Amino acid sequence: MQDLQEMWQKVIFKMQNLVSFITYDVWISKLEPLELTNDNKLILYSPSNAAKQQILNHHSKQLLECVHEVFGEYVDYEIIDKEEKEKYLEKSADNKYETFNTSDKSQFNEKYTFDNFVVGGSNKFCYAAAHTVAENPGKRFNPLFIYSGVGLGKTHLMHAIGNYIAEHNPNLKIKYVTCEKFVNDYIESLRVSENGKDSKIFEFKDNYRNVDVLMIDDIQFIEGKKSTIDEFFHTFNALYQNDKQIIITSDRPPKEIDVEDRLKSRFSSGLIQDMQIPDFETRLAIIKNKALIEKYYLDDDVMNFIAEKPFTNIREMEGMLSKVFFFATLMGKRIATLEDAKEAFKEDIIEKEQKQVTPENIINHVCSYFGITYEEITGKKKTKEIVEPRMIAIYLIDDILDLTLVTIGKLFGGRDYTTIIHAREKIADLVKKDNKTRSIVNDLKSKITSV
Ligand code: ADP
Ligand code: MG
């Protein structure tokens, strides 16, 4: 449970910045995390019922935002008081058994359904393909390969397929994983068998091949992981030959993913469908839909105001929407007005400007993205696996921060400023010409600036 505690500390740390000292000290700091359930609910214990009511009535949105930031947006929370805790503890053993049995459905965010997905010109083909696959898994488009930029609804559509199948075809076994989890599961299965204990690799194969539907989200994460790519190739074939449905998402088309050709051709053997940035009407419809689901009360001109902004990422647009409503609530209003929206946007810009990004911070992000160490990236090695991330880190530092070339050179083991210029120009050129580099750079940039 150490992890849960640590993560909870991060949540309350964030809360500390959002509420007054008294509120924090009297109500928030007394909460205690009990469990993160299989259906993604964080159970919090509040020793007093008054504290529970106070938090739910006045700070529930803030708490939810912080929980989302730390645990992910699928996680909801529930506060239980003393009396409820006893009941909870009694039931908890049975519950675990139940959630285990119904794990198929609980993998999916219940809000990510086809009904909640707004269809427009930018995504209608993808929506139709996803719906067809959900209705006839394994029979029509196999694999279904969906790609788009970040925050444009890939994960939502995958969950929608999952929710649909779990409802209409409950006897089918579905497995949804992020590519990261697939990679980790595979590595973990090898690690244990190398130790000479029971081989976990069979369990791994069993887990991934004994399913009717396999969904892998963000497959581009597999790049550079040779043995996992190999294993995935075999998993893919085993499922495909048995007419099992495979659904894959990615931030770019198969031909631009750096994997061997035989896997690229597998990816392309079914249907490849992309999604674009939604137009104004679709963005407006998404905002209306979201406001309805989340019970945000907003004037119509607020919705227009947000939809007119050039968002290229729906998640960010939704974040702004909740911020506007939250802002109005803070002002004691029930309905957000255009004035609140303008204020919230202004604040957002100031916040972004104030965000402390350091060069070390950027280097760390690049390292974890490519799976290399700080020493390697700032060191002398000249292999391709290191040089490319190094150049990207240099490019990003130069782009995001206002540092001299000599200072940047020092960060990378005292490299000469001409080396820094070379790296910067090389990546700037690739960003223009090469989709893959562009998407890596953009992805990293949004990760770095959103911390
Ligand atoms: P991706 O996986 O492509 O990065 P997500 O599926 O996580 O994007 O979508 C980001 C957010 O935007 C989610 O909250 C999702 O519900 C919402 N979203 C994206 N597209 C749509 C849409 N067409 N209709 C409704 N919500 C959408
Ligand atoms: Mg996603």
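The legends below describe several close-up views of a predicted model. In this model local features need pLDDT of at least 70 and side-chain atom pairs count only at pLDDT 80 or more, while totals for chains, interfaces and linings use all residues. Residues are numbered from 1 along each chain as its sequence is written, and side-chain values use heavy atoms, with hydrogens and water left out.

View 1. Helix 21 (residues 417–433) has 17 residues and spans 25 Å from its first C-alpha to its last, close to the 24 Å expected at 1.5 Å a residue; helices (H or I, at least four residues) and strands (E, at least two) are DSSP runs, numbered from the N terminus, and the expected span is 1.5 Å times one less than the number of residues. Its buried residues are Ile 420, Ala 423, Ile 427 and Val 431, and, seen down the axis of helix 21, they fall within an arc of 70°, so they line one face of the helix. That arc is taken from the directions from the helix axis to the C-beta atoms. Here buried means under 20% relative accessible area, exposed over 50%, and partly exposed in between (1.4 Å probe, protein chains only). The buried residues pack against helix 19 (384–400), helix 20 (405–411) and helix 22 (435–449), with contact meaning heavy atoms within 4.5 Å. The face turned away from the buried side carries the exposed residues His 422, Lys 432 and Lys 433.

View 2. Lys 244 forms a salt bridge with Asp 212, the closest N and O atoms being 3.0 Å apart; a salt bridge is a side-chain nitrogen of Lys or Arg within 4 Å of a carboxyl oxygen of Asp or Glu. The pair links distant parts of the chain, 32 residues apart, with Lys 244 in the loop between helix 11 (226–241) and strand 7 (245–250) and Asp 212 in the loop between helix 10 (201–209) and strand 6 (213–217). Lys 244 is partly exposed, at a relative accessible area of 24%, and the structure as a whole holds 24 salt bridges.

View 3. Salt bridges that share partners join Lys 111, Lys 290, Glu 294 and Glu 318 into one network.

Note on methods. Chains lettered and ligands numbered in written order.
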